[in-house]
Amino acid sequence: MNRTELLLSQSHKRILILDGAMGTMIQRYKLTEEDFRTPELRNHPKPLKGNNDLLSLSRPDIIKAIHAAYLEVGADIIETNTFSGTTIAQADYGLEHLAYQINYESAKLAKEVALEYSEKTPEQPRFVAGAVGPTNRTASISPDVNDPGYRAVTFDELSVAYKQQVEGLLDGGADIILVETIFDTLNAKAAIYAIQEVFEEKGLPLDPKEGGIPVMISGTITDASGRTLSGQTTEAFLISVSHIPLFSVGLNCALGAKELRPYLKVLSENAPFNVSAYPNAGLPNEFGQYDQDAAEMSGQVEEFLKDGLINILGGCCGTTPDHIAALAKTAAKYSPRKLEFVNDSDE
C-alpha cells in the first residue's frame, strides 16, 4: 500500500488520533530571542521571538522532540509546525522569503519522526498532516470599523500564499494537507483553490480514493452563537467546503469538547466525509490559560465517542501529550463513525 491507501485503511478500522498543541509545548521550553535566530538571521532587524514556525529552522531539535512526545503516547497523525507558514503571516516578521523553506523543513522534520515511529509500531503507521493555518487576515470582514467595505487581503493574494505553502509541505513529505482553524470560509476557499492548482500541476488526483493526497478541513466556531467569525453556521460551513472530495471535515479550537458537541452532531449527520474534532482543553481562564486536565477532557470527549460522531480525534490549545494519551486510551474503546459511502470491500 502507498501512504494514502494505508491511511484510508486505518481510518476504516479505528478512530485516528491527531496530536495536541504545538504552542503549548513550545512554551514549556522558555525560549529566548536567540533561539529563534538562525545564523543567517543573526542581524535581522525585527524581533523574532514568538515566531514558532521559525523554530523548524533554528531549533529543529525542539520541534522533533515535541513530535516524538505525541507519537510516543499514541498519536497516529502529527501536524507540521507551520500554522503561520505563509508569506502573509510571516510578513509580520519580515520573513516572507523563508515561507517555502519553513514549510519544506517542517514537513521533512515531522516525516522523519513519523517514519521512525512507524518502524517501531508497524501495526500502527504514523502520518504527517501539513498544517495550513487561516493567516492573520480575513477576506470577508473589514478590519476597519469606519470602512466596512475595506479588505486587508484579497482572495488572489491568499491563494498565491497558500499555493507556496502547500508546495513546500508536499515537497517536504506531508502525507495529508490540513486546512485548519478556519474562521473565515473565504480564506479556506482560497486554500482549497490553491490545493487544486498544486495537485493539478503535480498530476495528483483530488480524491484520496483515487490515490490523491488526503485533504482535511477544520473550521472553528468562535463563540456560543454556533457560528464562524464570518457568520456561517456549521451546516453552511460544511456546504461551502464540500465541493472537493475531502478526507475529513471537522472543528477545532475556540471551544472545549463539551461546547463543541452540538456542532459535531450537525457535521456527523450531514457530512459525506470523515468527521474530525480537536477541541481546546476546556475554555481559557481569565489569564488565557487552560485548566482542564486530561481526565476531565477525555470524560467530555467520551460523550461524543459514545454517540459515534467522529472518525479523527485530537487536541488544540492547552492540550499536551498527557491529554492525547488519555484521548487515545478512551477512543480505543469505540468504533469510528460509519460513513454511508464506505462499502464492505473497503474495510
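**Exercise 1.** Compare the span of helix α10 (residues 257-270) with the expected value.

*Solution.* The model is predicted; local features need pLDDT of at least 70, side-chain atom pairs count only at pLDDT 80 or more, and totals for chains, interfaces and linings use all residues. Residues are numbered from 1 along each chain as its sequence is written, and side-chain values use heavy atoms, without hydrogens and water.

Step 1: count. Helix α10 has 14 residues. Helices here are DSSP runs (H or I, at least four residues), and strands are runs of E (at least two), numbered from the N terminus.

Step 2: compare. The expected span is 1.5 Å times one less than the number of residues. From first C-alpha to last, α10 reaches 20 Å, close to the 20 Å expected.

**Exercise 2.** Find where α10 kinks, and what its buried residues pack against.

*Solution.* Step 1: the kink. It is about 35 degrees, centred on Y263. The bend is the angle between axes fitted to the seven residues ending at a residue and the seven starting there.

Step 2: burial. A257, L260, Y263, L264, L267 and S268 are buried (under 20% relative accessible area, 1.4 Å probe, protein chains only).

Step 3: neighbours. These buried residues pack against α9 (234-241), β6 (248-256), β7 (274-280) and α11 (294-306). Contact means heavy atoms within 4.5 Å.

**Exercise 3.** Describe the largest nonpolar core.

*Solution.* Step 1: size. The core has 85 residues. A nonpolar core is a set of buried Ala, Val, Leu, Ile, Met, Phe, Trp, Tyr and Cys residues joined through side-chain atoms within 4.5 Å.

Step 2: contacts. L264 and L313 are among the residues with the most contacts inside it.

Step 3: source. Helix α8 (residues 185-202) gives the largest share, eight residues.

Key: Buried means under 20% relative accessible area, exposed over 50%, partly exposed in between (1.4 Å probe, protein chains only).
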